[in-house]
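Subject: Structure handover and notes

Hello,

I am passing the structure on to you below, together with notes on what was found in it.

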Amino acid sequence: MILVNTDYISGKELETLALVKGSTIQSKHMGHDIAQSFKTLVGGELKSYNDMMNDARALATKRMVAEAEALGADAVVNIRYASAAVMQGAAEVIVYGTAVKFIEK
């Protein structure tokens, strides 16, 4: 499966199948949340939250790819990510794009 954030793939003619998406809501363990709140007092990277968001993006992408594969897609083009805080210490990540099939010449 080819994943790109452009609306084309060089050298390929594409047939549009459908919009596909994947999402997840992730949170951190309360102990991590408390530890990270102390980190905001002194500054620096909130590694625990960074790891949480990386995991969330990976899971959302995996779900989007599964949806595209179920349609018989060869690729997903024009991929975009968005995130939003759902509550203290929890965030939603959504990824979406256009599932396409390669047209054989």
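The largest nonpolar core has 15 residues, and those with the most contacts inside it are Val-20, Met-64, Ala-68 and Val-76. A nonpolar core here is a set of buried Ala, Val, Leu, Ile, Met, Phe, Trp, Tyr and Cys residues joined through side-chain atoms within 4.5 Å, where buried stands for under 20% relative accessible area, exposed for over 50%, and partly exposed for what lies in between, with a 1.4 Å probe and protein chains only. The elements that give two or more residues to this core are H2, strand S3 (75–87) and strand S4 (90–102), and H2 gives the most, with seven residues. Apart from this core lies another one, of five residues, among them Ala-75, Val-77, Val-100 and Phe-102.

Please keep in mind that this is a predicted model, in which local features need pLDDT of at least 70 and side-chain atom pairs count only at pLDDT 80 or more, while totals for chains, interfaces and linings use all residues. Residues are numbered from 1 along each chain as its sequence is written, and side-chain values use heavy atoms, with hydrogens and water left out.

Leaving aside its neighbours within four places in sequence, Val-20 is in contact (heavy atoms within 4.5 Å) with Met-64, Glu-67, Ala-68, Leu-71, Val-76, Val-95, Tyr-96, Gly-97 and Ala-99.

For the overall layout, the protein has two helices and four strands, and from the N terminus on its elements run β-β-α-α-β-β. Helices (H or I, at least four residues) and strands (E, at least two) are DSSP runs, numbered from the N terminus. Of the 105 residues of the protein, 29% count as buried, and among contacts between residues at least 6 apart in sequence, 74% join residues at least 24 apart.

The four strands form an open sheet with the order S1-S3-S4-S2 and with mixed pairing, and its edge strands are strand S1 (2–3) and S2, each of which pairs on one side only. Two strands are said to pair if DSSP finds at least two bridges between them. Strand S2 (residues 14–27) and S4 pair in the antiparallel sense over 13 bridges, and within this pairing Ser-23 has Ile-94 of S4 as its bridge partner. S3 and S4 also pair in the antiparallel sense, over ten bridges; here Arg-80 has Tyr-96 in S4 as its bridge partner, and Ala-84 stands opposite Glu-92 in S4. The hairpin of S3 and S4 has two residues between the strands, and in it Gly-89 takes a positive phi near 80°.

The buried residues of H2 are Ser-48, Tyr-49, Met-52, Met-53, Ala-56, Ala-60, Thr-61, Met-64, Val-65 and Ala-68. H2 is followed by Gly-72, whose phi is positive, near 85°.

Ala-60 lies in H2 and counts as buried because its relative accessible area is 0%. Leaving aside neighbours within four places in sequence, Ala-60 is in contact with Gly-22, Ser-23, Thr-24, Val-93 and Val-95. Ala-60 and Tyr-96 are 36 residues apart in sequence, and their C-alpha atoms are 9.0 Å apart in space. Thr-61 is buried as well, with a relative accessible area of 14%, and, not counting residues up to four places away in sequence, touches Leu-3, Tyr-81 and Val-95.

On the side of the sheet, Thr-24 has its place in strand S2 and is buried, with a relative accessible area of 7%. Not counting residues up to four places away in sequence, Thr-24 touches Ala-56, Leu-59, Ala-60, Arg-63, Ala-91, Glu-92 and Val-93. A polar contact of 3.0 Å joins the side chains of Thr-24 and Gln-26; such a contact is a pair of N or O atoms within 3.5 Å, where within protein one must be able to donate a hydrogen and the other to accept it, and residues adjacent in sequence count only if both atoms are side-chain atoms.

With best wishes
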